[in-house]
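Please look over the sequence and the structure below before reading on.

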Amino acid sequence: MAYKTILTVLSHPSQVPQLDDAAALAAAHDAHLDILCLGIDHSQAGYFFPGGTSYGWQEAIDSALTDANALDRKVRDRIAASHDLRWSCEAAVTQSLGIASLVGLRARFSDLAILASPYAKGQPGDAELITEAALFEGACPVLVLPQGCEPVAAPRRILVAWNQSAEALAAIRRALPLLRAAEMVEVTCIDPRSSGPERSDPGGALTQMLTRHGVHAQIAVLARTAPRISDEINRRAIEVDADMVVMGAYGHSRLREAILGGATRNMLEQARVPVFLAR
């Protein structure tokens with residue numbers, strides 16, 4: 001399978017630079033770039049004066065529509081001036097609670113979504129909702145780009161974070177086009193459980209599957225020495241000069257990760273290279 005429909009979602013002018021990264025990847029994969037420009041209504045009816053709800057809503061919607069149209073014009077001008085590829089752009093308005101369904105619907109029919117890290121400096125507060133909507137409601141793999149890090153259209157070296165979970169395996173299957181084209185893929189197992197399903201051969205069955213797909217895969221079993229798994233993944237990615245990390249997303253609930261943290265959230269906050277996520 002190749003990536004033939006690539007989605008990117010913008011909700012603020014500060015996100016326009018991610019458009020260049022998405023366009024470059026779409027051109028490299030001969031894909032159609034689908035751009036969604038969101039105007040988001042953050043109003044809450046409970047704060048309007050009695051009888052003023054309809055007026056407040058209309059004003060908030062008009063403001064969100066103005067923002068979406070302005071962003072749409074900016075995007076169209078940038079694409080037309082700088083990129084030669086197949087693309088489409090749409091402006092849409094939604095309330096905060098509607099982000100999941102709107103973005104999820106668009107992501108559902110895309111092969112890959114490309115988004116900036118939602119926790120990067122300057123990102124709007126809705127960026128996290130957009131990322132989660134693509135992953136959960138859209139069931140779409142997401143390539144998350146850390147701030148100041150340009151994606152590599154054809155990654156040479158990829159680190160696969162393998163923890164024997166269904167989420168990790170889903171990410172690996174979705175990343176197969178990239179894994180097959182890479183020169184080296186490392187299946188990294190960090191502090192694997194001796195009582196797990198793979199027991200004394202962590203990563204062995206996965207590496208065999210990847211090899212049969214034509215992937216140049218090797219295994220690295222590492223002891224955990226850092227407080228967090230994400231720290232180990234980041235450190236190993238730098239050690240092997242990885243262009244990308246592939247990992248499962250949100251093995252725990254979103255609420256738990258939001259409150260207590262987790263490998264997914266920590267990686268999105270601290271990643272040094274692009275992270276390919278799926279679940």
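Is Cys89 buried or exposed? In this predicted model, Cys89 has a relative accessible area of 11% and is therefore buried, since the limit for that class is under 20%. Cys37, with a relative accessibility of 0%, likewise counts as buried. The sulfur of Cys89 has that of Cys37 as its closest cysteine sulfur, at 3.7 Å, which is too far for a bond, because a disulfide requires the two sulfur atoms to lie within 2.5 Å. A search of the whole structure accordingly returns 0 disulfides, and Cys37 is in none.

The charged side chains come next. Side chains of opposite charge can pair when their charged atoms come close. The structure holds 14 salt bridges, and one of them joins Asp30 to Lys4, with a nitrogen-to-oxygen distance of 4.0 Å. Because Asp30 sits in the loop between helix 1 and strand 2 (32–41), while Lys4 belongs to the segment before strand 1 (5–10), this pair ties together parts that are 26 residues apart in sequence. Both partners count as partly exposed, Asp30 at 43% relative accessibility and Lys4 at 41%.

Asp30 also forms a salt bridge with Arg86, where the closest N and O atoms are 3.2 Å apart. Here distant parts of the chain are linked, since Arg86 lies in the loop between helix 2 (53–82) and strand 3 (87–95), 56 residues away from Asp30 in its own loop between helix 1 and strand 2. Arg86, at 44% relative accessibility, counts as partly exposed.

Arg76 is partly exposed at 35% relative accessibility, whereas Asp72, with a relative accessible area of 12%, is buried.

Rolling a probe the size of a water molecule over the atoms shows where empty space is left. The second largest pocket has a volume of about 270 Å³ and is lined by 16 residues, with Pro17, Gln18, Ala116, Gln147 and Gly148 lying nearest its centre. Helix 1 (residues 17–28) supplies the largest share of this lining, 3 residues. By residue class, the lining of the second largest pocket divides into 6 nonpolar, 7 polar and 3 charged residues.

Methods
Residues numbered from 1 in each chain as written. Predicted model: local features only at pLDDT ≥ 70, side-chain atom pairs only at ≥ 80, totals over all residues. Heavy atoms only, no water. Buried < 20%, exposed > 50% of the residue type's maximum accessible area, 1.4 Å probe, protein only. 1 Å grid on protein atoms, 1.4 Å probe; cavity = no way out; pocket = protein on both sides within 12 Å on 5 of 7 lines; lining within 4 Å. Points joined across faces, edges and corners; volume = space filled by probe spheres on them. Helix = DSSP H or I, 4+ residues; strand = E, 2+ residues; numbered from the N terminus. Nonpolar A, V, L, I, M, F, W, Y, C, P; charged D, E, K, R; others polar. Salt bridge = Lys/Arg side-chain N within 4 Å of Asp/Glu carboxyl O.
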